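Student: I would like to go through this model with you, one question at a time. Could you show it first?

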Amino acid sequence: ILKEQEKRRNIMNEILSTEQTYLSDLKLLYERFIDPLTENKILSQKNLEDIFSGLDIVLSTNTEFLDELEPIITGTSEPKEVIVSELFIQSAPKFKNYAVYITNYSHSANTIRKLQKKNKKFDEFLNTTATQFQKEGIRIIKIGSYLITPVQRLPRYRLLLEDLARHTPPKFKDIHSKILEAIDSIKGVADYINSKQRETEDKVFMTALQEELGLRVWGNNFS
């Protein structure tokens, strides 16, 4: 039992430490990418929105989440497993706000690729920043590696909670059932975001189809 308890404690510490790293990566995106790109007018407002749409919502959601998580993990209130699970359940409706960012993610990645080819200043900025990060010993150097972290965060929560459930004996019925409830709430968020993604993909497809049909009609009329 003590061994399992130790494993559960380690998992909860991992939830906290990975959340702290995640938040510092999001803040670094602002400080080292968004702010200088805006101030030096390297990208237009439209380009910035295309790349970073929804990031502000993700940052505010997780700043609030970390503010509540830290005192639970570092404090003395027990059982921590139940309190952490309750926090995930309460936060699930706010995590649905990730939909804005995640549904824009593929468009964001495509925008970066296109701009790197046609905007020399932007390409130089990314290369200079990557070199600077290496000199400073910053582990992640590419913008794409930062931008994918919010997409990976919700599945990571689910894996950590499932790990927590695995190391909680079913005889601790109240604790075990609360962790399972938290897992279900994160699954619910994932289902919601997936449905929003499908809606977005359908809209993108329909717009492309309309443009294609429009061009064909135009071509037929004036050929």
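Student: Is Tyr157 buried or exposed, and what is its relative accessible area?

Tutor: This is a predicted model, in which local features need pLDDT of at least 70 and side-chain atom pairs count only at pLDDT 80 or more, while totals for chains, interfaces and linings use all residues. Residues are numbered from 1 along each chain as its sequence is written, and side-chain values use heavy atoms, with hydrogens and water left out. Buried means under 20% relative accessible area, exposed over 50%, and partly exposed in between, with a 1.4 Å probe and protein chains only. Tyr157 is therefore buried, its relative accessible area being 1%.

Student: Which kind of aromatic pair do Phe95 and Tyr157 form?

Tutor: Rings of Phe, Tyr and Trp (its six-membered ring) pair if their centres lie within 6.5 Å, and planes under 30 degrees apart count as stacked, over 60 as edge-to-face and the rest as tilted. For Phe95 and Tyr157 the centres are 5.3 Å apart and the planes stand at 35°, and the pair is tilted.

Student: How many residues apart are Phe95 and Tyr157?

Tutor: Helices are DSSP runs of H or I with at least four residues, numbered from the N terminus. Phe95, which is buried with a relative accessible area of 0%, lies in helix 4 (residues 80–95), whereas Tyr157 lies in helix 8. The pair thus links distant parts of the chain, and the separation is 62 residues.

Student: How many aromatic pairs does the rule give, and why is the pair of Phe65 and Tyr157 tilted?

Tutor: By this rule the count comes to ten aromatic pairs. The ring centres of Phe65 and Tyr157 are 5.7 Å apart and their planes meet at 55°, so this pair is classed as tilted.

Student: Which residues do ring pairs link into a cluster?

Tutor: Phe65, one of the members, is buried with a relative accessible area of 2%. The cluster that the ring pairs join consists of Phe65, Phe88, Phe95, Tyr98 and Tyr157.

Student: Where do Lys196 and Glu199 lie?

Tutor: Their side chains form a salt bridge of 3.8 Å, N to O. Lys196 is partly exposed at 28% relative accessibility, and Glu199 is partly exposed as well, with a relative accessible area of 39%. The two residues are three residues apart, about one turn of the helix, and both lie in helix 9 (residues 173–222).

Student: Is Glu78 buried or exposed, and what is its relative accessible area?

Tutor: Glu78 meets Lys80 in a salt bridge of 4.0 Å, N to O. Lys80 is buried, with a relative accessible area of 11%, whereas Glu78 is exposed, with a value of 56%.

Student: Which residues are linked with Lys178 in a network of salt bridges?

Tutor: The network includes Lys178. The residues linked with Lys178 there are Glu86 and Glu181.
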